[in-house]
Amino acid sequence: MSADPWETLRAATRARVGLGRAGDGLSTAENLRLAAAHAQARDAVHTPLDADAVVAALGERAGPVVRSQVADRTEYLQRPDLGRRLSSDHGLSSGEFDLAVVVADGLSATAVHEHAAAVVDALVPRLEGWAVAPVVVAEQARVALGDEIAAALGASMVLVLIGERPGMSAPDSLGAYLTFGPRPGRVDSERNCVSNIRPPDGLTYDAAAEVLAALLTESFRRQLSGVELKDTGAALPPAAG
Amino acid sequence: MSWTTTLGGHSYRFADLRDLLARSTPLRSGDVLAGVAAESAAERVAAQTVLADLPLQHFLDEAVVPYEDDDVTRLIMDSHDADAFAPVRSLTVGGFRDWLLSWEADTATLSALAPGLTPEMVAAASKLMRVGDLVAVARKTRVVTGLRTTIGLEGRLATRLQPNHPTDDAVGITASLVDGLLHGAGDAVVGINPATDRPSTVLALLELVDDARRRLDAPIQSCVLTHVTTTLELLEQGAPVDLVFQSVAGTQAANRGFGVTLDQLREAHAAASELHRGTVGDNVTYFETGQGSALSADAHHGVDEQTLEARAYAVCRAFDPLLVNTVVGFIGPEYLYDGKQILRAGLEDHLCGKLLGVPMGVDVCYTNHAEADADDTDTLLLTLGAAGCGFVITVPGGDDIMLNYQSLSFQDVLQVRQTLGLRPAPEFEAWLGSVGLLDDAGRVPQLVPEPIRALMS
């Protein structure tokens, strides 16, 4: 019998298990650790997207930078409707694409800075024969902004890589939302989502790309996305860490 | 029907019932976002003054979402019990608020009244209540349900143990499960939000918790919170499904946004009921709701978010749920901006659900982009404890590493149980005692009983 029964379990999760108590409540040390994590997440929400750095990281796959109709972060937090609408001066032109890829700040630009280009690099080579539009970088964006972007580009599908709401253990988690036939007015049940792309604790880039490529292929074949499209094809990636 | 009134020399007009309800609603960001909120504090009170004089009967004559267009309205109107409504039929909304607070409205009276109330009636009355009223009326309103444990009894506060993991890793989930059990959590449900909707993963998680339950001989029920269509598929395969889960909302269009219909819920409810997996009851559904979900799906019909939330409880009550909880701070600051709005919304939801006969719990929580912190969740938990809330959500350290938001920690609930003298569900309490996790003073000692230690290796 192990002296510390928590030894194996703690290694498998970042969940805050086995915390120190003071009576029924939490100890001073634990309370301070929680306060520090909350402070870090709060700060991640308010970090602005460095669009130039994202474009540089995307390299030759990078396309234009666009904005939603949101003026600033305070408005972004209270007006998701404006975060779904494309600014009128977007300058996107229509082409013939199977897939539009949008890299969007969402609620954590930190996640985009850390992971977005690497996911694109892992995914695009897996989409052999696809006409993929140059990757659009979007500021002050919600998921549904991808619908307007894809419509403007004339793409059959859209994949939005977006910073998820920061948690205390994960200020940098990236989500990927896939929509077939994107157009304004699509609802959430018409999308498929792969969340927690965040190596080494969440999904690795290769694992995320593998699942996304399988989903995209199946979505294209069946000409639909959302709850009717279950990702039964790809195996569940192994847990890391 | 429209109304006009004057207050402080200004004249105010309210175009219809939904306008009157929306402008009567205490300030919250979601109603501002939807463009339905009162434009001034004075207009809000003017609306409340008109609302107070409105006969309850009016809610049976004017729907906030048209009957022809919406199956939730049809469910509400068609299932209304006129006999149960009789004791309050002649009251106005203001008179109904007074009656709810009266000594005459005791627990038995309120239980008998529930089928006679519509969501819009209870939402209207709650808009005229302060926090103290919301607590006082909820405290004497009781909804008791059961499967392997009994939820909602007086003097009890149960917990959902939520052992989420970002990659659905079995060992990681076991770590959080064990941590919760060691802190006396899990008597409402062990409920996992999976990272993926993949049926094979959902099945593996169901089997993981069911296996732990049998090894520990513990009275718990499990749930993997996946879409109802996935659960139906797994039920057909013979998976160990205790509870059918679904997120629901207060309009047909919002439910379509969740990809769910009332017929699918009927089918799943029937399929899970046939398994007879309960020991002390037969409630086999679990629903989550939250103010702002209809607006988020652009399916709000110009109705305020609190009234729509109450309508979601009408959907829930049609399927005899074991548990329903509002995820009150989860949806974000565009719907409930700060701790003050979250506190009030949590108490409104809890009261409205219970008045309608729904077994309410609350996910006492906030996101990192809301203006809220742990002081706000402490305050809501304490007031819900005083209000006789059925259950709350708990995660290790209050930090959900899968959904990226803060809920309550196991320790938060231990503390409030001691502060307010609340106990776990009786069957679970007995099990905790049998494995040494409850002392004579009802406290949970810091030790690892042998059966749980075995799960850990």
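A:Pro200 sits in the loop between E8 and H8 of chain A, where helices (H or I, at least four residues) and strands (E, at least two) are DSSP runs numbered from the N terminus. A cis peptide bond, with omega of about 5°, links A:Pro199 to A:Pro200. That's worth a second look, because most peptide bonds are trans. The model here is predicted, so local features need pLDDT of at least 70 and side-chain atom pairs count only at pLDDT 80 or more, while totals for chains, interfaces and linings use all residues. Residues are numbered from 1 along each chain as its sequence is written, and chains are lettered from A and ligands numbered from 1 in the order in which they are written.

Next comes the sheet in chain A. Six strands make up an open sheet, in the order E3-E5-E4-E6-E7-E8 and with mixed pairing; two strands pair if DSSP finds at least two bridges between them. Strand E3 (62-67) and E8 of chain A stand at the edges with a single partner strand each, so one side of each has no neighbour in the sheet. On average, neighbouring strands of this sheet are turned by 20° against each other, direction ignored. For such angles, axes are lines fitted to C-alpha atoms (for helices, over the stretch in contact), and angles run from 0 to 180 degrees between N-to-C directions. E6(A) and E7(A) run antiparallel and are joined by 7 bridges. One residue pair to look for is A:Ile162 and its bridge partner in E7(A), A:Gly175.

Helix H3 (residues 51-58) of chain A touches E3, strand E4 (97-104) and strand E5 (135-139) of chain A, and its direction makes about 165° with that of E5(A). Helix H8 (residues 205-222) of chain A touches E4, E6, E7 and E8 of chain A, and its direction makes about 10° with that of E7(A).

The UniProt record (unreviewed entry) puts a "binding site" feature at A:Val143, A:Glu164 and A:Cys193. These positions are spread over 51 residues of sequence, yet they cluster in space, with a largest C-alpha distance of 11.5 Å. A word of caution: UniProt positions are given in the numbering used here, feature names are shortened, and annotations may be inferred rather than shown by experiment. A:Glu164 is in the loop between strand E6 (155-163) and strand E7 (174-180) of chain A. A:Glu164 counts as buried because 23 other C-beta atoms lie within 10 Å; the cut-offs are 20 or more for buried, 12 or fewer for exposed, and partly exposed in between, counting other C-beta atoms within 10 Å, with C-beta atoms placed from the backbone. Contacts of A:Glu164, not counting residues up to four places away in sequence, include A:Gly106, A:Ser195 and, from the other chain letter, B:Asn404; contact means that the C-beta atoms, placed from the backbone, lie within 7 Å. A:Cys193 lies in strand E8 (residues 191-197) of chain A and is partly exposed, with 18 other C-beta atoms within 10 Å. Leaving aside neighbours within four places in sequence, A:Cys193 is in contact with A:Gly175, A:Ala176 and A:Tyr177.

B:Asn404 leads over to chain B. This residue lies in the loop between strand E13 (399-400) and strand E14 (405-406) of chain B, and B:Asn404 is buried, with 26 C-beta neighbours inside 10 Å. Phi of B:Asn404 is near 60°, a positive value in a residue other than glycine. Most residues other than glycine have a negative phi. B:Asp298 also has a positive phi, about 55°, although it is not a glycine. B:Asp298 is in the loop between H16 and H17 of chain B and is partly exposed, with 15 other C-beta atoms within 10 Å.

B:Pro194 is found in the loop between strand E6 (189-192) and helix H12 (199-216) of chain B, and B:Pro194 is buried, with 20 other C-beta atoms within 10 Å.

Note on methods:
Two residues are in contact if their C-beta atoms, placed from the backbone, lie within 7 Å.
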